[in-house]
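Colleague: I would like to go through the charged pairs and the packing in this model. Please set each label against its cut-off.

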Amino acid sequence: MSITLSPMRADDIAAVARLARVVWQVTYRDIITQAQIDYMLDERYAAPRLLAELASDAHWWDLAREASPALGAAATPDAAGAPGGTLLAFAATQRSSQPGELKLDKLYVDPAQQRRGIGGALIARAVARTRDLGCHTLILAVNKSNAPAIAAYGKHGFAVRESVRVDIGHGFVMDDFIMARSV
């Protein structure tokens, strides 16, 4: 299977929100409460928020789609030039509040597609963007209880920089690691 990486477009928002729901329900169900999962999905993947991020010059979204010849017409671009194929993963980067840093804000791979290099391709894209913007560090936050994600980021050159408690709103607090990678 091969993948294509492309920027997210407004007509991709519903597919991104669906994939986010699958990932959060599978990955986080044993880490945080269902109420926290619902809050995060409603807060971070609502169409108005995603549209605002797409319109911002401080946010970048990348999608990974299946680009297998077996898909036939589904793998070819649509009339507007958007790549076709099944959405497998997405990543979002944004400017950090710290000079010289870019934040990998979201990186989610369909659980059925993990360990196939898709996340690594999106990380490589984020590293390239970090360099292109003249930044020296790529950072991310990961829940301390998400051992598979911590290990995966470690394999891609990230190391724990600090431990933080993040108030995500609505009375919910997350215990996260801030991980960083020099580029």
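Modeller: Start with a network of salt bridges that links Arg44, Arg49, Glu53, Lys103, Asp105 and Lys106. This is a predicted model, in which local features need pLDDT of at least 70, side-chain atom pairs count only at pLDDT 80 or more, and totals for chains, interfaces and linings use all residues. Residues are numbered from 1 along each chain as its sequence is written, and side-chain values use heavy atoms, with hydrogens and water left out.

Colleague: What makes Asp105 and Lys106 a salt bridge?

Modeller: Their closest N and O atoms are 2.7 Å apart. The term asks for a side-chain nitrogen of Lys or Arg within 4 Å of a carboxyl oxygen of Asp or Glu, so the pair qualifies. The structure holds 13 salt bridges.

Colleague: Why is Asp62 called buried?

Modeller: Its relative accessibility is 3%. Buried means under 20% relative accessible area, exposed over 50%, partly exposed in between (1.4 Å probe, protein chains only). Asp62 therefore counts as buried. Its salt-bridge partner is Arg125, at 3.2 Å, N to O. Arg125 has 25%, so the label there is partly exposed.

Colleague: Where do Arg125 and Asp62 sit in the chain?

Modeller: Arg125 is in helix α4 (residues 118-132) and Asp62 in strand β2, 63 residues apart. Helices (H or I, at least four residues) and strands (E, at least two) are DSSP runs, numbered from the N terminus.

Colleague: Why is Arg165 called exposed?

Modeller: Its relative accessible area is 61%, so Arg165 is exposed. Arg165 forms a salt bridge with Asp175 (2.7 Å, N to O). Asp175 lies in strand β7 and Arg165 in strand β6 (residues 159-169), so the pair ties together parts 10 residues apart in sequence. At 32%, Asp175 counts as partly exposed.

Colleague: How do you know that Gln94 and His59 make a polar contact?

Modeller: Their side chains come to 3.2 Å. The term needs a pair of N or O atoms within 3.5 Å; within protein, one must be able to donate a hydrogen and the other to accept it, and residues adjacent in sequence count only if both atoms are side-chain atoms. Gln94 lies in strand β3 (residues 87-95). Its relative accessibility is 18%, so Gln94 counts as buried.
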